[in-house]
Structures are given as structure tokens and as C-alpha cells.
Amino acid sequence: MKDGWVRRSRERVRAFFWKAPLDADLDAEMASHLELAMEDNVRRGMTLDEARRQAMVGFGGVQQAREKQREARGLPFLDVLGQDMRYTLRTLGRDVGFTVVAVLILALGIGANVAVFSVVNTILLRPLPFPQSEQLVWIAPPPQKCGLSCATYSADAHEEFKAQTRSYQDVTGYMAFSSPDNYRLTGRGEPQPATGMEVIGNFFEVLGVQPAMGRLFTAEEMRQGSHPVALLEYAYWKRQFAGDPSIVGKEIDLNGRPVTVVGVLPASFDFGAVFSPGSKVDLIVPEILDDERTWGNIVTMMARLKPGVTVAQAQAEATLVVPKLCWSIKYPQSCGSYVDKHGVSMEVKTLKDYVSGRLRRSLIVLWSAVGMILLIACVNLSNLLLARSAARGKEFAMRSALGASRARMVRQLLTESLILSAAGAVVGFGLAWALVIWLAHQGSVALPLLSTLHIDGEVLGWTVLIAFAAALLFGLAPGLRMASGNLQEALKDSGHGSSAGRKHERVRAALVIAEVALACVLLVGAGLLLRSFLKVLDVDLGFQPDHAASMRVEYDDSAPTGDQSAVKRGAIFREILTRVDALPGVKVAGIADYLPLGRNRAWGTPTPKGKVFPEGALHGPLVYVISPGYVGAMGMRLHGRDFTWNDGPASERVVMINASAARVYWPGEDAVGRILQANGGDCRVVGVVDDIHADNVEGDPGWQIYYPITQQRPNDAELVVRSSVEPSSLAGSVLRTLRELNPGQPAAEFRPMKAIVARANSPRQFFMLLVGVFAGLGLVLASLGIYGVIAYGVTRQTQEIGIRMALGASRGRVQRAVLWKTLWLVLVGIGAGTVASYGAARMIQSLLFGTEATDPMTYAGMLVLLMVVALVAGYLPARRASRIDPLVALRTN
Amino acid sequence: MGAVKLDLLQGTLDLMVLQTLASMGVQHGYGIARRIEQVSGNEVLLNQGTIYASLVRLQQRGWIEAEWGTSDNNRKAKFYSITKRGRKQLAEDASHWQRLSAVMGRVLSQQ
């Protein structure tokens with residue numbers, strides 16, 4: 001009867017909470033029962049005493065009847081649990097040292113796990129912060145050497161793709177080649193730099209982002225000549241405009257032009273977090289495609305799939321459409337230029353996959369590492385609890401003699417584990433929370449979605465889950481021992497050196513060996529990652545980041561014709577560079593429009609004059625427009641000559657190329673002096689520069705070509721200064737110099753080149769540090785475990801050692817025996833650990849750089865470290881053993 | 001003591017209590033226990049105190065009701081009576097028992 005079940009449960013809960021009145025009622029009832037029975041007996045002819053006695057006999061045990069009634073009416077399970085918990089809290093409170101250590105170990109293990117889960121959840125598991133984000137896809141050619149330049153499309157191609165495909169609700173994108181601080185906000189005190197991104201008009205509609213205030217762009221605002229508008233990002237609005245809601249609809253001065261603020265984006269939207277990790281975007285402006293039709297491949301392509309369309313279907317359609325895309329409608333010969341004759345031309349993948357797929361391996365490695373830490377912690381705790389329960393042998397024996405069932409005592413031990421685990425989980429959760437908040441504010445680490453890291457319900461659920469799992473893991477061994485051991489043995493006085501004790505010693509030794517093996521794996525993993533990171537730092541970037549810094553320069557080279565503009569530009573930059581060169585401490589300065597390891601762009605496919613190459617043999621190099629002095633300021637190695645101020649709009653067109661390109665253009669010959677057909681004309685190669693790592697540090701450098709700023713219009717101007725002193729000390733004087741020439745120069749940041757390189761390496765460094773911390777943690781925990789087992793062994797064998805010393809063994813001999821025992825344990829652990837480490841190293845092979853999975857130095861280092869740890873951990877117990885006074889040891893029991 | 005007395009399972013005691021109340025009408029705990037002892041011909045091992053666990057179970061299920069009152073000799077006692085639902089449950093359980101014992105009898109008496 002379902003109804004009865006509900007009613008019964010209600011009654012039981014009520015009975016659990018109102019014990020006293022029900023107890024009183026029962027007592028009254030039982031008293032009346034006995035009186036009635038007595039009456040009956042007297043009526044039958046017994047004496048008063050006999051009647052009473054017979055009544056009691058007939059009734060049976062009063063206490064038992066009470067207990068049975070209580071069990072039947074209430075929630076006995078909760079009652080028992082309550083008892084167990086009270087008992088556990090008392091015993092834990094008595095042994096404060098043990099409790100504190102245990103809770104700390106658990107807090108570290110659980111806290112680390114919760115923090116890493118949070119990171120993994122944010123970057124890998126959680127869907128992107130857009131509605132129905134599984135429909136969003138990223139469309140690009142497969143990844144190549146030229147970074148974002150090879151992942152974009154021209155304005156015409158973008159519109160053509162949109163027109164020709166049926167799989168998408170809408171197609172959008174953004175302009176991928178703007179630099180940081182590309183806007184200057186004036187009219188509000190000192191000019192402030194701001195970073196803006198151009199997006200295609202339907203960008204926010206496709207993503208499903210609604211503005212927090214105001215509105216999104218209209219179709220009118222996407223057309224040429226319309227009044228400039230902008231959307232502010234939430235953080236920028238709070239910071240720059242003090243969160244003033246009336247800014248919507250007002251005009252602000254950007255780059256000298258009035259721009260209307262049409263809205264403020266919601267706090268949940270962060271362009272940088274999703275699309276360009278490690279950078280901050282302040283405002284969003286509409287991309288006016290008509291202005292950019294001749295700019296080349298500049299637009300990224302993203303879309304929202306129609307409901308029911310799969311990525312595979314979209315991929316199939318894309319493969320059919322891509323041959324029809326033209327770089328420019330005006331040049332029919334540019335049609336089909338997006339087809340790669342050797343493989344896949346266009347890849348459609350989910351946006352989530354694009355944003356974080358690259359990191360999947362590293363994150364899984366991190367997650368495994370932190371899981372191992374928890375395992376080590378649990379093993380440690382298991383050992384600690386085993387030792388403790390061995391010491392409490394008499395207590396358990398007493399309880400068993402008084403009638404406690406074995407199951408009851410196992411349950412109490414498990415309760416102890418749960419309480420320890422819960423306490424550790426609470427502290428660990430707090431630690432993790434702090435760590436997560438700190439991580440979310442690390443803006444310089446170029447990891448996607450890092451700034452959206454936060455603690456939520458899923459993280460809490462995970463905490464509870466692993467707290468339970470941990471309690472089960474480390475509570476298992478002591479619980480099993482309780483379940484199988486002979487309790488009465490402990491009541492006998494001897495207890496030392498019994499065979500049961502030896503078996504438990506083996507179990508604990510096995511646990512320590514497992515700990516050492518796990519620590520081994522962590523150490524080898526961390527070691528390999530460290531060596532990879534060091535190898536990455538050693539990579540010859542092709543330029544010298546030390547003692548160099550850059551600052552963005554504002555200039556105005558507007559003039560009626562391109563040539564006049566070039567002359568004006570040349571004069572401005574020449575003046576800037578002359579003055580900056582003259583500053584004390586400056587060795588050389590130069591200007592370029594893009595810096596290595598930052599944004600870059602590519603256009604054109606230069607061909608050596610007079611030579612014919614097979615299809616696809618020539619790539620489009622990355623294009624840099626530079627001033628004289630730049631090569632020197634960057635510390636690049638040059639063969640031939642640098643550009644000079646004599647290379648102007650009227651003189652012969654000159655270029656510099658990098659060594660890799662030169663080797664393909666003119667194999668075996670000196671490229672200097674030869675003619676390259678580039679940029680729509682003949683250019684003479686005046687210099688060959690050694691390859692620089694322009695797009696990333698770890699991959700192969702691609703091709704680079706350099707044009708002089710007096711012959712080609714730069715997109716930007718970054719002043720690079722090489723100094724003999726620390727660059728930061730020159731920031732003030734450089735800014736002053738720039739302001740002398742252009743009072744409108746905004747207070748831009750003087751960024752050291754080292755910081756730019758560090759940012760490129762930041763994801764690898766981040767992971768390496770985390771795994772390193774975990775390895776350190778694992779090592780500490782393992783050494784504590786070793787110490788615990790050895791120390792306890794010495795304590796247990798005090799009598800035996802005393803006897804040995806009384807029979808003539810020297811102190812040194814005793815010490816060596818203990819140390820040997822320690823070393824033996826650790827060596828076995830290392831043996832097992834080495835095998836496991838090799839397996840793990842093979843799995844992370846793809847994350848290593850310049851390092852083999854069998855790197856002997858790493859394994860040797862791990863061996864030495866663990867041996868040292870063994871000696872240190874065994875030292876104290878060994879000393880204690882050698883100090884044992886045989887007389888005292890023999891006397892005690 | 002004659003032959004070894006039968007131990008009572010929890011469910012069977014409940015059923016006996018229900019039946020006793022159904023045939024006796026309103027009765028207190030001692031009365032129910034005595035009656036069961038008598039009717040079973042003293043073949044049942046019953047610690048009278050265990051009846052209170054049974055009574056509280058039946059009460060929680062709504063099959064019996066309880067009320068404090070006075071006995072014939074002016075003693076205070078808690079009186080129990082069977083409810084309509086209880087009678088229904090009794091009928092179901094009793095028929096189930098009959099079937100069960102009949103089947104068991106047949107099975108156990110086979111050669």
C-alpha cells in the first residue's frame with residue numbers, strides 16, 4: 001500500500017525527533033502491563049512477591065522490549081549513525097595531532113583535485129557561454145605554419161560562402177588583424193589607449209549575445225560612410241566610464257573621430273577569453289567589409305548550424321563549396337585559391353573544439369596528476385589509520401567483549417573515515433576556492449576561458465564525490481583489518497612480534513611501495529615537462545628578446561597621394577628614431593608594424609624573377625613592414641644590408657627575406673642582389689635575415705618578407721628599442737621623446753620583448769608549474785608515508801632491538817639496519833614506479849618538446865631524489881632506534 | 001518444559017495481534033499477549049514485552065488505534081482496537097497464510 005508507506009515514513013520521522021514523550025508513554029504502558037500481570041497472578045493464588053516475579057518472567061527483558069519498540073517506531077539507522085558520530089568526534093578530539101595531520105593531508109589532496117576539476121570543467125567540459133553553443137562552428141583551412149593569416153578569408157570569399165551554403169542559420173566573423181591599443185580615447189583627461197575589435201554586423205546575433213544596455217549594430221551601420229558606432233565591453237565600461245549608464249547614446253572621441261556608443265555588452269561576454277586568450281578587448285566596432293575588400297584574407301569565419309544539421313554534413317557541403325570561393329570577385333583568376341591541392345581545404349569544427357581542443361591532452365595529464373596526488377594522500381591516511389587502529393586494539397577487544405558486533409565496529413571506523421574526509425573536504429574546498437579566484441585573475445596566461453573560471457554547483461558536487469571516494473579508499477584497509485582480525489588477541493598482554501602483526505607490517509609496506517611508485521610517476525612527468533620547457537626556452541628565436549622593449553607609436557601620415565604619404569611617414573619615423581637613438585642607454589631603435597609572436601598577416605606569393613616553380617612549391621610569407629634599424633633593435637642576424645632612409649618611394653624597390661625562403665627561391669646561391677617579383681613589381685633582395693619564430697616558439701618558423709616603411713604602407717607602428725640598461729628604466733624618456741614630436745601620443749605601455757615571449761610560452765609554463773607543484777606535493781606525502789611506516793616499525797620492534805643491543809649489536813649496526821630497510825622499501829617502489837613512469841611518459845609524448853620519453857637524465861634525477869628522501873625519512877627513526885636503552889626496552893612490555 | 005517452543009517471526013506476531021484484536025475487540029497490551037499465549041496453547045515462545053514493538057508497527061501503518069483508558073479494576077492502561085483498514089489487511093494476510101500453509105503441507109508431505 002503506497003499510501004501506508006508514506007504515512008509510515010512520516011510517523012517514523014516524527015518518532016525520531018520526539019523521543020522523550022514516546023519513551024515516557026511506553027514506560028507508563030509497560031508499568032501498567034506489569035501491574036495487570038501481577039493482579040492476574042495474585043488472583044490465581046500466588047503471593048505478592050511470586051506474582052511480581054512471574055510477571056517479570058513472563059514479560060521478558062524490559063530493556064530489550066524498550067529497545068525493540070524504539071527500533072520499530074523510529075529511524076534506528078539514524079540513531080546508530082548519531083551514536084557513531086558522537087563517539088568518533090570524541091576519539092578524534094582526544095588525538096588532536098593525528099586529526100590535524102589527517103585533515104591537512106586530505107585538504108591538500110581534495111583541494112588540488114577540486115581546483116583542477118574546476119579548470120578542466122571550465123576549459124574542456126562546460127559548453128561555451130552562448131545559448132545552444134553546440135550549434136556554433138569555426139570554419140577555416142587546416143592549421144598551417146602562418147597562424148591566423150592562413151585561417152582567414154577575404155571579404156568577398158566570406159560573403160560568397162554565406163551565399164552558397166545552406167547548412168547555417170547565419171555566417172559571421174571578425175577582423176583578425178588588429179593590434180592591441182589600436183584606438184586612442186581622448187576628451188576625457190589624458191589620452192588613453194583602448195583595444196578594439198572589428199566584427200561583422202551579425203556577430204552577436206549569431207552568438208546569441210544580448211547587450212546589457214542599449215542595442216546591437218544595425219544593417220545601416222555596416223555600410224561605408226555611416227556614422228561610426230561602438231559597443232563597449234562590460235569591464236571597460238566599468239573601468240573607463242565608471243559604470244555610468246548614461247554613456248549609451250553619447251559620443252566618445254576615438255582616434256580623433258566622434259563615435260556613438262550604442263550599447264554595453266553583458267558581463268558574461270568576454271571576447272578575449274574565447275577568441276584571443278591572454279588579451280583584453282575593450283570595445284567592438286562594426287567591420288565595414290566594403291572598406292576592406294582589397295585587404296586580403298582578414299576575416300575569420302564562424303557560423304551557427306541550422307537545427308538538425310551535423311558538423312559532418314556541414315563539412316561535406318564546405319568541401320563542395322570551397323573551390324567556388326574567389327579571393328576577389330574582380331579577379332576571376334583568384335577563384336579556387338582556397339583549395340589546397342594536397343589535402344583538406346576547409347575544416348568545419350565546433351567552436352568549442354577550436355577554442356579548447358588543443359589543450360585537451362594537457363588538461364587530462366593535469367587531471368591524472370592531481371588524481372594521483374589524492375591516491376597518495378589516501379594511501380598515507382590508510383597507513384596512519386592502520387597504525388592507529390593497531391594501537392587501539394585493546395579498545396576494540398573490550399567493545400567486542402561487551403557485545404558490539406563486528407559490523408558495528410567496522411561501521412564506526414567508516415564513520416571515522418567519513419568525518420575526516422568531510423573535514424578535509426571543507427578545508428580543501430576553501431583552498432580550492434582561493435586558488436580558483438587567483439587563477440581567474442591571471443590575465444597574462446594565454447589560456448582560453450580562464451577568466452570565466454568560477455566555483456559552481458558542479459564543482460561542489462565533485463567535491464562531495466571525491467570526499468566520499470577518498471573516505472572509502474583510505475577507510476577500506478583499516479575496516480577490512482577490523483573485519484578479519486582476531487580481536488581477543490589484543491586483550492592478551494603480549495601482542496608484540498605476533499604473526500598477525502607481521503602480516504600487517506607487510507600490508508603497510510606494500511602501501512608505502514605503492515605511494516613511492518605513484519610519486520615516481522609524478523616526478524618523472526614533472527621532470528620531462530620541465531626539461532621540455534627548458535628546451536623551449538633555449539629555442540633560437542632568431543631575435544634577442546633581452547634588453548628590448550616596444551611601444552606603440554601614434555603618427556599621422558595623411559597626405560593626398562600614397563607617395564607623399566610615404567615621404568611624410570619616412571620623415572616622421574626618421575626624426576623619432578634619431579631622437580630615441582640619442583637617448584642615453586639606447587643602443588639602437590627601429591619601427592615595425594607587427595612584432596613576432598604577436599598578431600601577424602600575410603599577403604601575396606612572391607616569385608623569383610625568371611624562375612618557374614611547380615604548383616604549391618611557394619608559400620605566402622608573413623609580411624612585415626619595417627624601418628631601418630629594426631633588424632638591429634630586434635637583434636636579428638642579417639646577411640647583406642639593412643634598409644636605409646635612402647630607400648624611398650622613388651628609388652628601387654627593395655625587400656628582405658628570411659633564410660628559409662631564400663633557400664627555396666635560390667637554392668645554393670646567395671639571394672642578395674637578386675630580383676623577387678613581389679607586391680606587384682620587381683624588388684631587389686638587399687638582405688637575408690635568419691629565420692625568426694614569428695608565429696609560435698615551438699613549431700617550424702615559416703617564411704617572412706620585409707618591406708621598407710617608405711615603400712609600403714604599414715598597418716601600425718611599434719617602436720622597438722634595444723638598450724644597454726634594463727628597458728623599463730627608459731620608458732619615461734621614450735614616452736617624453738615621442739610626446740615632443742606628437743603631443744597626442746597616448747600613454748602606451750612599454751612592453752619588454754621578454755614579456756611577449758613569456759606570454760607565448762605561458763600555457764606550457766603554466767602546466768609545467770602545476771605538474772611540478774603536484775610532483776612536489778606527492779614527494780612530500782610519500783616521504784611522510786615512508787617516515788610513518790619506518791618509525792612505527794621501530795616502535796613495534798623496540799623490545800627486539802633492545803635484545804639485539806643487549807646481545808652486543810652496536811648502535812651503528814642498528815642504525816644501518818633501519819636505513820637498509822628504508823632503502824629497500826624505496827628501491828622496490830622505484831622499480832615499480834619506473835615501469836609505470838615509462839608508460840605515463842609515452843602517453844604524454846605529444847606534450848614534450850625536444851625530450852624523449854626515456855630521457856635518462858630525468859629518470860636518474862628521480863632516482864637520486866627518491867633515494868635522498870628515503871635517507872632523510874629513515875634518518876630520524878634510525879637515530880631513535882640506535883638510542884634505545886636495552887634495559888628500558890626489555891623492561892617495558 | 002515440553003517440546004521446544006516455536007520462535008515467532010516479526011510478521012507472524014503482527015498478524016496474531018491483529019487477529020486477536022479482531023476477535024476480542026478493544027484490549028490492552030497485557031490482555032493481547034495473554035490471549036495469544038492461551039490460544040496458541042502455550043506452544044509459542046513469547047516474551048510479552050516484544051508485543052509493544054509489534055503494536056507500534058501496526059499503529060504506524062494505521063491498522064490499529066490506541067487510546068489511554070481504565071481497565072475493569074480501575075487501572076490505567078492503553079487500549080488498542082482494530083481499524084477498518086486493519087480488518088482488510090487481516091483478511092488479506094490470513095488468506096495468504098492459509099494458501100501458504102496448504103502449499104507447504106503438500107510439498108513437505110510428498111514422498
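**Figure 1. Burial and fold of chain B.** In this predicted model, 31% of the 111 residues of chain B count as buried; a residue is buried if 20 or more other C-beta atoms lie within 10 Å of its own, exposed if 12 or fewer, and partly exposed in between, with C-beta atoms placed from the backbone. Chain B holds four helices and five strands, where helices (H or I, at least four residues) and strands (E, at least two) are DSSP runs, numbered from the N terminus. Followed along the sequence, these elements of chain B give the pattern β-α-β-α-β-α-β-β-α. Of the contacts in chain B with a separation of 6 or more, 51% come from residues 24 or more positions apart; two residues are in contact if their C-beta atoms, placed from the backbone, lie within 7 Å.

A note for reading all the views: residues are numbered from 1 along each chain as its sequence is written, while chains are lettered from A and ligands numbered from 1 in the order in which they are written. Because the model is predicted, local features need pLDDT of at least 70 and side-chain atom pairs count only at pLDDT 80 or more, whereas totals for chains, interfaces and linings use all residues.

**Figure 2. The open sheet of chain B.** Three strands of chain B form an open sheet in the order 2-5-4, with antiparallel pairing; two strands pair if DSSP finds at least two bridges between them. Strand 2 (27-28) and strand 4 (64-70) of chain B each have a single partner strand and stand at the edges, so one side of each is left without a neighbour in the sheet. Strand 2 of chain B runs antiparallel to strand 5 (residues 76-82) of chain B, and two bridges join them. To find your bearings here, look for B:H28, which stands opposite B:F79 in strand 5 of chain B.

**Figure 3. Where chain A meets chain B.** The contact involves 25 residues of chain A and 19 residues of chain B. On the chain A side, the elements giving two or more residues are helix 1 (2-17), helix 2 (19-44), helix 3 (48-59) and helix 4 (62-73). Sorted by class, this side of chain A has seven nonpolar, eight polar and 10 charged residues. In this sorting, Ala, Val, Leu, Ile, Met, Phe, Trp, Tyr, Cys and Pro count as nonpolar, Asp, Glu, Lys and Arg as charged, and the others, Gly among them, as polar.

**Figure 4. The domains of chain A.** Chain A is divided into domain 1 (2-74), domain 2 (81-130 + 359-492), domain 3 (133-358), domain 4 (499-539 + 760-893) and domain 5 (555-745), with bounds that come from an automatic or database domain assignment. Taken over C-alpha atoms, the centres of domain 1 and domain 3 of chain A are separated by 80 Å.

**Figure 5. Strand 22 of chain A and its two partners.** Six of the six residues of strand 22 (residues 718-723) of chain A are buried. Both faces are covered, with A:E718, A:V720 and A:R722 on one side and A:L719, A:V721 and A:S723 on the other. Strand 13 (residues 548-552) of chain A pairs with strand 22 in the antiparallel sense over five bridges, and A:S550 stands opposite A:V720. Strand 14 (residues 586-592) of chain A also pairs with strand 22 in the antiparallel sense, over six bridges; here A:V588 stands opposite A:R722.

**Figure 6. Helix 18 of chain A crossing helix 21 of chain A.** Two packed helices are described by the angle between their axes and the distance between the axes. For helix 18 (residues 562-582) and helix 21 (residues 731-741) of chain A, the axes come within 10 Å and cross at roughly 145°. Axes are lines fitted to C-alpha atoms, for helices over the stretch in contact, and angles run from 0 to 180 degrees between N-to-C directions. At the contact, A:E575, A:I576, A:R579 and A:V580 in helix 18 meet A:V734, A:T737, A:L738 and A:L741 in helix 21. By class, this contact has five nonpolar, one polar and two charged residues.

**Figure 7. Loop residues of chain A.** Most residues other than glycine have a negative phi. A:A242, in the loop between helix 9 (234-240) and strand 8 (251-254) of chain A, has a positive phi near 55°. A:A242 counts as exposed, with 8 C-beta neighbours inside 10 Å. A:L597, in the loop between strand 14 and strand 15 of chain A, has a positive phi of about 65°, and A:L597 is buried, with 23 other C-beta atoms within 10 Å.
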